Amino acid sequence: MLGVQNVTMRYGAKILFENVNTAFNSGNRYGLTGPNGAGKTTFMRILAGELEQQTGLVQRPRKMGILRQDQFAFDQFRVIDTVIMGNKGLWSALEERDRIYEKEEMTDADGMRLGELEGTVGDEDGYTAEADAAILLDGLDIPESLHERRMSELQGGQKMRVLLAQALFGHPQALLLDEPTNHLDLESIHWLKEFLCNYDGTVITISHDRHFLNAVCTHIADIDYQTIIQYTGGYDDMVMAKTQLRSRIESDNEQREKKVAQLNEFIARFAAGTRSSQVNSRRKEVERLAPSELSRSNIQRPFIKFDQKRPSGKHTLEFDKIRKGYDGVDVINGFSGTIQRGEKVAIMGRNGVGKSSLLNALLDGAPGVTEPYVRLDGGTVRWGHEASVGYFAQDFRESIPTGWTMVDWLRQFDPDATVEQIRGVLGQMLFRGEEGTKKTEVLSGGEACRLMFCKLMLQKPNVLVLDEPTNHLDLEAVVALNMALQKFDGTVLLVTHDEDLIDEVATRIWHFDGEKIEDFHGVYEEYLAKA
C-alpha cells in the first residue's frame, strides 16, 4: 500500500497542499496533475522518501522504482550496472559478494556470509539480472553495443532512457515516474505505454503528455484547491468531471442565492409586523441555504493565439536535394520537396535520426530567423513570396540573449507595439504585474519557454517552425498550444513526440525511416491506418 495521512507541505505563506489523505492502490495507474508550481514534484519526492513532509504520515511498500532526474549521478558506472542499481538490495548484495571473492583468503565467517548473500541474489533474480536489464534497455532503444559503456559516454536522451530502465528494474511494487516521456521518441513512448498497462503494481506518473495520461492512467490525482482529489479515468475524464462538478456547484449556488434573496425580501417586509413565526422560519431557511463555498483553483490557463501580419504566397517553401551533416557524415542526404501555404507538417522519427538537423538546413536564410547555427551543407532552399518565419528552437535558451528585461527584448519584434500591449501579451502567457521587468538571464526553463511564445505572438509570422515546443510546458499550456496551432491559418513545421499534437494538428507527415524520409500527404490517423 502506498498512501498518505494528513500530509501538509507549505513554503512560507504559500500552501501547496494541506492535511491530504489519499491512497494509491496496487494495480492502478495514477497521473499526478496540476499546473507548474502546484507541488507535483514535491509530493512525488515525499512519496519517495526523499523529502520530509511537514505533518502527517506516509505509508510505502518495501520496494519502489523511482525515475531519477540527475543524469550525471551514474557517469562512472556501466550502463548495465546502472540499471541493476534500481534494485538496491540486489546491488548491495552483489557488491559485497564481489568484495569477499576478491579476498586472497576467506574466513569461515566470509563463507557463511557468502551463503547469505547468494540467497539474497537468488531471491532477487540476481542470476538473470544482466539479461533482464538488457531486455529493458533494448525496449527503450539502447542497443547492446552500449550496454558495457560507461554512462558518461551516452547522450542526454540515452541517459534518460537508462534511468527509466533503472526505475523499472527488479519488479518494484510501486513506480514513481516524474516526466518519463521527456527525451523519448514516439516508438519508445509506445513501448513504455504497453509496459505500464501490463504492470501489476502501483504507478504514479507526472507527465505533460495528455495522450500518454489518457492511454495509461486508470485514475488522476489532481493537486488543486490546496489538496489532492482523485478522479477515475484518464486526464480528459478528470477535466470533464472536475468541470461538471464545479458547474453543478455554481448552478446550485445561483439557485440558492435567488431563493435567499426572496426570503430576505419577505423578512425585510414583515420583520416588524405580526408574522414573527413566519419570519423566524424564513431566517432559519436562509441559514440552511447558504451557498457552498468554492475554493479558488490554482490552475492558470495561458492564452496562445498566432496571427499573421500577412499571408505568404501559395508556394511557401521549395527545397531540392538538401544535405546536412556533422563530422563528415551526412544526416540528411538528398531530400527534396515543396510545402504549400497552410500545410502543417509533423516531423517524426527516433531520437538522433536528424529531425532538428532537417529544420536547421531548411532555415538557412529563412526570413525572420537570426539564429547563427542554422546552416545548409548542400542543395537549395527557396522560401516563397512574403514568407516570414517564427522559429522555436529545441534549445531555445540560445535564442534569448542575456542582459535584457523581457519587455525590452520583446519590443524589437513589434516596434509599433506599446508597452501596455507587450505587457498584455506577457499576461496571456501568465507573466503578471511587474514580472515583465525581470532579466532574461534569471528566467527558469518554463518562463523562458513562455517568453518564446510571447515573441512568436508579437512577430505574427505566417510560418511557424517549432522544434519540441512542449518540453517545458504544463498540461494547460500544451492544450492551449494545441488549440492555437489548429486555428492558425499559416504554415507549420513541427517536431514533437506529443501524439495529441500530431493527431490533431498535422495535415502531413515526414517520417524518418532508416536512411530515407517518407513524405505522407494526409493526417496522422490515415498514416497509422496505412502503416
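How many bridges join strand β10 (residues 315-326) to β11, and in which direction do the two run? The structure is a predicted model, in which local features need pLDDT of at least 70 and side-chain atom pairs count only at pLDDT 80 or more, while totals for chains, interfaces and linings use all residues. Residues are numbered from 1 along each chain as its sequence is written, and side-chain values use heavy atoms, with hydrogens and water left out.

Strands β10 and β11 run antiparallel and are joined by nine bridges, where strands are DSSP runs (E, at least two residues) and helices likewise (H or I, at least four), numbered from the N terminus, and two strands pair if DSSP finds at least two bridges between them. Within this pairing, Gly325 has Asp330 of β11 as its bridge partner. The open sheet comprises three strands in the order β11-β10-β13, with antiparallel pairing, and its edge strands, β11 (329-340) and β13 (378-383), each pair on one side only.

The axes of helices α6 (residues 156-168) and α7 (residues 186-197) come within 13 Å and cross at roughly 5°, axes being lines fitted to C-alpha atoms, for helices over the stretch in contact, with angles from 0 to 180 degrees between N-to-C directions. Helix α6 is therefore roughly parallel to α7, a class for angles under 35 degrees, whereas over 145 counts as roughly antiparallel, 65 to 115 as roughly perpendicular and the rest as oblique. The contact (heavy atoms within 4.5 Å) is made by Arg161, Leu164 and Leu168 of α6 together with Ser188, Trp191, Leu192, Phe195 and Leu196 of α7.
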